[in-house]
Amino acid sequence: MRRADRLFLIIHALRGRRTALQARQLAGTLGVSLRTVYRDVADLQLSGVPIEGEAGVGYLLRKGSDIPPLMFTADELESLVVGTRFVRAFAGQKLAQSAQAALLKIEAVLPAELRERATRTRIYAPIWRDQTKTDFAALIDRLNAAITDNQVLRLEYSDEAGRTSTRDVEPLCLAFWGGAWTLGTWCRLRVGFRNFRPDRIAGCTITGERFEEMDGRNLDAYLQAMRGYYEGMEG
């Protein structure tokens, strides 16, 4: 039995129960060892599935937290699988792990036919990471965390011509263009919106200062400015 099938059956067995289900009962039903059940339940818990209990006591879904059935078409499910693969290949490690955990939850409550479809999609984003790519993924995680926390960053940056500068920026968003990432910011040195390529960032320091997004220099204003810029180029 595939692991995805086991996870689905574990959640299905726990749904609607008023009393804890013993791990040995699950092991007997699934035809696996107790150790496998313990490991699968622990993985589900780490992924955010609201399972309570422990080895020797039994398991049940937290009261009021039963997972509702999910209704996806085959095409919708394929798009989620492909999206997860791209996140795992090109985003930071934290986002990649979160995407995989989300897909695990989805697959666990899908009918067998749709779960089978998920394994057959032939759109791939191969993952190959040497130390440079691993370091870059860690940088994407740091930038994303700074965006979430409104942390002012000090960047040591080299532009396309090789000119270096130090910039204090208010990070607003990350964008992936298929071949490169850009960090959208409010640049305090230039007093305006600027984009920086993470692969040209030689140093990134969190200053400890938090900024507040204000009208005219927040994400909405940035997106509007970028939209006007690209429309102007097309014209």
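Visitor: How many helices and strands does the secondary structure of the protein come to?

Guide: In this predicted model, the secondary structure comprises 8 helices and 7 strands.

Visitor: How should I read a salt bridge, and which residue does Arg6 pair with?

Guide: The criterion is a side-chain nitrogen of Lys or Arg within 4 Å of a carboxyl oxygen of Asp or Glu, and by this rule the count comes to 9 salt bridges. One of them joins Arg6 to Asp40, with the closest N and O atoms 2.7 Å apart. Arg6 lies in helix α1 (residues 3-14) and Asp40 in helix α3 (residues 34-46), so the pair ties together parts that are 34 residues apart in sequence.

Visitor: Is Asp40 buried or exposed?

Guide: Buried means under 20% relative accessible area; Asp40 is buried at 0%, and Arg6 is buried at 10%. Both residues belong to a network of salt bridges that links Arg3, Arg6, Asp40 and Asp43.

Visitor: Where do Glu209 and Arg188 lie?

Guide: These two residues form a salt bridge with the closest N and O atoms 3.0 Å apart. Glu209 lies in strand β7 (residues 201-210) and Arg188 in the loop between β5 (181-187) and β6 (192-196), so the pair ties together parts that are 21 residues apart in sequence. Glu209 is partly exposed, with a relative accessible area of 36%, and Arg188 is partly exposed at 30%.

Notes:
Residues numbered from 1 in each chain as written. Predicted model: local features only at pLDDT ≥ 70, side-chain atom pairs only at ≥ 80, totals over all residues. Heavy atoms only, no water. Helix = DSSP H or I, 4+ residues; strand = E, 2+ residues; numbered from the N terminus. Buried < 20%, exposed > 50% of the residue type's maximum accessible area, 1.4 Å probe, protein only.
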